[in-house]
Amino acid sequence: MFQSTLITLNLEVNSISSEGIGCLSEGLKVNTILRTLKLGRNKLGVEGAKHLALCLGENSTLTMLSLGANNIRAEGACALAQGLQTNKGIVELRLGGNDIQDQGAQAFTKMLQFNQKLEILHLYGNNISQGGVKAVGDFVMNTPSTLRVKVLNLGGNDCDSAAWVHVGCLVRLHLTPEFKHRIMMMALLLRTLPPVSYTHLRAHETPEHLVCRLLLEKKKNNHHIHF
């Protein structure tokens with residue numbers, strides 16, 4: 001189905017439906033070349049997500065999958081999470097803007113207990129509640145099987161700054177040498193702090209330390225924020 005040299009396929013903004021994704025998924029089951037697949041802003045819906053979930057259990061060469069803004073919702077997210085439990089290839093998954101809500105977020109936290117490859121997970125703009133954000137942060141920071149996770153993007157969800165500070169402090173608590181490559185909360189600054197740049201870094205301070213220091217400084221200046 002794919003040319004033998006094709007390693008990246010960008011099909012974003014093509015009005016691809018669940019039927020089209022069904023055909024593509026069948027090809028992915030036997031493909032051993034493609035590494036990056038971008039399907040953002042199509043019309044996959046729940047059924048399209050289910051088609052992809054079935055092929056993820058069989059395909060082990062795809063390393064990056066982008067599915068942003070496809071109306072996958074919680075049901076589709078649960079199916080994808082199930083398919084990813086045994087997947088041995090995907091390192092980065094982009095799932096922003098799919099309205100997966102708390103149920104979908106919980107499915108992905110469960111998936112991380114079994115999946116051994118995923119390192120970068122984007123769940124921004126998914127109507128995940130304050131409690132859902134805290135639950136995901138608690139789980140990822142305190143579960144040994146998720147040590148490989150380097151990036152968790154939870155920006156643009158339905159929670160106040162208290163949830164962001166909670167997650168940010170979890171990151172700080174685990175910034176020991178053992179955890180130095182842990183999670184970068186990519187959207188924390190956007191939700192709780194004014195714009196900053198790397199010029200704010202102090203001597204020997206990593207970007208991860210910068211995020212946590214600024215979060216804690218903001219917490220001290222906002223006494224109404226509680227954990």
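Modeller: Arg-41 is exposed, with a relative accessible area of 53% (exposed is over 50%, buried under 20%, partly exposed in between; 1.4 Å probe, protein chains only). The model is predicted: local features need pLDDT of at least 70, side-chain atom pairs need 80 or more, and totals for chains, interfaces and linings use all residues. Numbering starts from 1 along each chain as its sequence is written, and side-chain values use heavy atoms, without hydrogens or water.

Arg-41 sits in the loop between strand E2 (36-38) and H2 (DSSP runs numbered from the N terminus: helices H or I, at least four residues; strands E, at least two). Its phi is near 60°, positive in a residue other than glycine. Most residues other than glycine have a negative phi. Asn-71 is not a glycine either, yet has a positive phi of about 55°. This residue lies in the loop between strand E3 (64-66) and H3. Asn-71 is partly exposed, at 46% relative accessible area.

Now the helices. H2 (residues 45-56) and H3 (residues 73-84) pack at about 5°, axes 8 Å apart. H2 and H3 are therefore roughly parallel (an angle under 35 degrees). In H2, Val-46, Ala-49, Lys-50, Leu-52, Ala-53 and Leu-56 meet residues of H3 including Glu-75, Ala-79 and Leu-84 (heavy atoms within 4.5 Å). That H2–H3 contact has eight nonpolar, two polar and three charged residues (Gly counts as polar).

The buried residues of H3 include Ala-77, Leu-80 and Ala-81. Their cover includes H2, strand E4 (92-94) and helix H4 (101-111).

Methods. Axes fitted to C-alpha atoms, helices over the stretch in contact; angles between N-to-C directions. Parallel < 35°, antiparallel > 145°, perpendicular 65-115°, else oblique.
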